[in-house]
Amino acid sequence: MAHIHDLTALEQAAAVRTGELSPVQITEHYLERIERLDPGLGAFVTVTADRALAQAREQEARLAAGDAEDLPPLLGVPIPIKDLNFVKDVPVYFGSAAYEGFVAPADDSMVERLRDAGTIMLGKTSTPEFGMPCYTETYLHEPTRTPWDTTRSAGGSSGGAGAAVAAGLAPAAQGSDGAGSIRIPASVCGLYGIKPSRGRISAAPIMPDLAGLSTNGPLARNVADAAALLDVMAHNNPGDLYHAPAPALGSFSAYAGRDPGRLRIARFATPAVPGAEVHPDVLAAYESASAVLESLGHEVEEIAPPFGPDVVPEFVKMWFSFSCMHPVTEELEPKLRPLTAWLRERGHAISAPEFLQAQSTLQLATRFALLVTDAYDAVLSPTVTQPPVPVGWFEDVESPEETFERMMRFAPFAAIYNVSGQPAVNLPLYWTPDGLPIGVMLAGRYGDEGTLISLSSQVEASVGGFWGDRRPPVW
């Protein structure tokens with residue numbers, strides 16, 4: 001008989017509707033697993049056990065009193081929230097010891113939508129300081145580790161979300177992605193993750209859109225769960241700077257399991273970042289994915305990388321600048337990690353004209369890149385350049401500048417789609433002989449998550465499910 005955490009999010013929702021499981025049963029199951037297994041994983045920075053159980057009891061009362069047809073789609077399904085997002089009356093650290101004691105004054109509108117869909121918040125998942133690094137190591141708690149090998153990093157910045165789902169501490173999770181922060185943890189934790197199109201999910205009411213690099217999105221073990229979560233999260237609010245077109249079929253879930261037809265798929269594996277080298281295991285994953293796509297009847301064609309090394313310095317200027325978004329008083333600056341302090345020092349030195357010129361240059365590069373990628377239904381590339389790296393590897397150098405160089409060379413593929421605003425997903429298709437997951441990335445046309453979901457679902461079915469019989473040791 002399957003354990004509760006063996007069930008997908010949609011299977012749990014169905015079991016709640018039929019009365020086979022109750023929201024309290026599901027919530028208690030995950031809270032017990034978090035208490036027992038999260039030490040050593042570092043997936044959660046805050047666990048809201050009392051709040052989660054109170055939500056579950058309210059939902060049980062609603063089930064007893066209501067019509068099943070009027071119930072929200074994910075009633076009783078636990079979905080944790082990343083610690084960069086606001087949940088009213090819950091501490092939000094933004095991954096930083098400088099924000100200890102700060103409590104969110106309001107909900108993000110995306111959090112409201114998840115609650116309205118019936119999900120239960122188990123707590124806040126770990127993130128690196130201000131979400132800037134691609135690994136999750138902070139002064140707040142232990143490093144966040146991939147459950148497939150707990151000596152190795154879970155990635156970032158949605159590292160806690162990735163570790164939680166991969167370890168069976170939640171069926172799926174909300175994450176966010178400004179330069180690969182959903183897709184990187186999805187790769188090193190063996191998950192399916194979606195970075196939606198720019199403007200798909202509002203950051204209201206507090207977080208700004210600005211350059212539109214960052215967006216919220218789902219991480220899950222399968223395509224259908226991620227699509228269902230994206231359906232719930234997708235929305236806009238007055239004042240949003242960006243809006244993505246609604247899915248043609250009315251929902252993203254409608255694309256899961258739908259035949260995508262024969263597609264033209266481009267591929268490239270040359271990173272834009274100078275000096276970045278792609279590990280042989282990553283190339284093996286990339287070639288394996290290409291073979292799977294061709295076996296499904298798709299046309300796979302080699303292309304030159306759509307962005308070149310010339311855009312990297314301009315993106316770096318913007319990344320430096322965005323590291324300064326969170327206010328930190330002078331007396332609290334010693335609580336910042338060395339990398340964050342280094343990033344902010346450089347960010348404060350960038351003038352407004354330099355920032356605007358960098359954004360202008362990236363937009364021009366995007367216009368030319370889309371002339372290439374829009375000729376295809378999807379674009380395949382590696383997600384990251386290496387298998388999961390050891391905890392501490394990014395900082396096992398002499399300076400924050402070297403840490404930043406390692407970050408860029410580890411994740412040079414993902415950020416280009418934050419620049420362009422295109423949707424992109426990580427497919428967990430490959431494991432090394434040592435049992436380490438390596439993802440590959442598919443990007444699509446702007447606003448066309450539907451094709452990516454349909455194609456991902458086809459691939460998932462063709463390989464017998466992304467995980468097959470695999471489970472991480474903590475499962």
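This is a predicted model: local features need pLDDT of at least 70, side-chain atom pairs count only at pLDDT 80 or more; totals for chains, interfaces and linings use all residues.
Trainee: Where do Glu100 and Lys335 lie along the chain?

Mentor: Glu100 lies in the loop between β2 (81-82) and α4 (109-116), while Lys335 lies in the loop between α9 (312-322) and α10 (338-348), so the pair ties together parts that are 235 residues apart in sequence. Glu100 is partly exposed, at 48% relative accessibility, and Lys335 is also partly exposed, with a relative accessible area of 35%.

Trainee: Which residue forms a salt bridge with Arg200, and how far apart are the closest N and O atoms?

Mentor: The partner of Arg200 is Glu449, and their closest N and O atoms are 2.8 Å apart. This pair, too, links distant parts of the chain, with Arg200 in the loop between β5 (192-195) and β6 (215-220) and Glu449 in helix α14 (residues 449-462), 249 residues apart.

Trainee: Are Arg200 and Glu449 buried or exposed?

Mentor: Both Arg200 and Glu449 are buried.

Trainee: Let us turn to helices. How do the axes of α7 and α14 cross?

Mentor: The axes of helix α7 (residues 223-233) and α14 come within 9 Å and cross at roughly 160°. An angle over 145 degrees counts as roughly antiparallel, and that makes α7 roughly antiparallel to α14.

Trainee: Which residues in α7 and α14 meet?

Mentor: From α7 come Val223, Ala227 and Leu230, which meet Glu449, Ile453, Ser456, Ser457 and Glu460 in α14. The residues of this contact divide into four nonpolar, two polar and two charged. Notice that Glu449, which takes part in the contact with α7, also forms the salt bridge with Arg200.

Trainee: How many of the residues of strand β10 are buried?

Mentor: In strand β10 (residues 424-431), eight of the eight residues are buried, so the strand is largely enclosed by the rest of the structure. In a regular strand the side chains alternate between the two faces of the sheet.

Trainee: In what sense does β10 pair with β5, and over how many bridges?

Mentor: β5 and β10 pair in the antiparallel sense over three bridges, and Lys195 has Ala424 in β10 as its bridge partner. Strand β11 (residues 437-443) also runs antiparallel to β10, joined to it by six bridges, with Leu427 partnered by Val440 in β11. The hairpin of β10 and β11 has five residues between the strands, and in this hairpin Gly435 takes a positive phi near 85°.

Trainee: What is the order of the strands in the open sheet of three?

Mentor: The order is β1-β3-β2, and the pairing is mixed. The edge strands are β1 (44-47) and β2, each of which pairs on one side only. β1 pairs with strand β3 (residues 123-125) in the antiparallel sense over three bridges, and the bridge partner of Thr46 in β3 is Lys124.

Technical notes: Residues are numbered from 1 along each chain as its sequence is written. Side-chain values use heavy atoms; hydrogens and water are left out. Helices (H or I, at least four residues) and strands (E, at least two) are DSSP runs, numbered from the N terminus. Buried means under 20% relative accessible area, exposed over 50%, partly exposed in between (1.4 Å probe, protein chains only). A salt bridge is a side-chain nitrogen of Lys or Arg within 4 Å of a carboxyl oxygen of Asp or Glu. Axes are lines fitted to C-alpha atoms, for helices over the stretch in contact, and angles run from 0 to 180 degrees between N-to-C directions. Angles under 35 degrees count as roughly parallel, over 145 as roughly antiparallel, 65 to 115 as roughly perpendicular and the rest as oblique. Contact means heavy atoms within 4.5 Å. Ala, Val, Leu, Ile, Met, Phe, Trp, Tyr, Cys and Pro count as nonpolar, Asp, Glu, Lys and Arg as charged, and the others, Gly among them, as polar. Two strands pair if DSSP finds at least two bridges between them.
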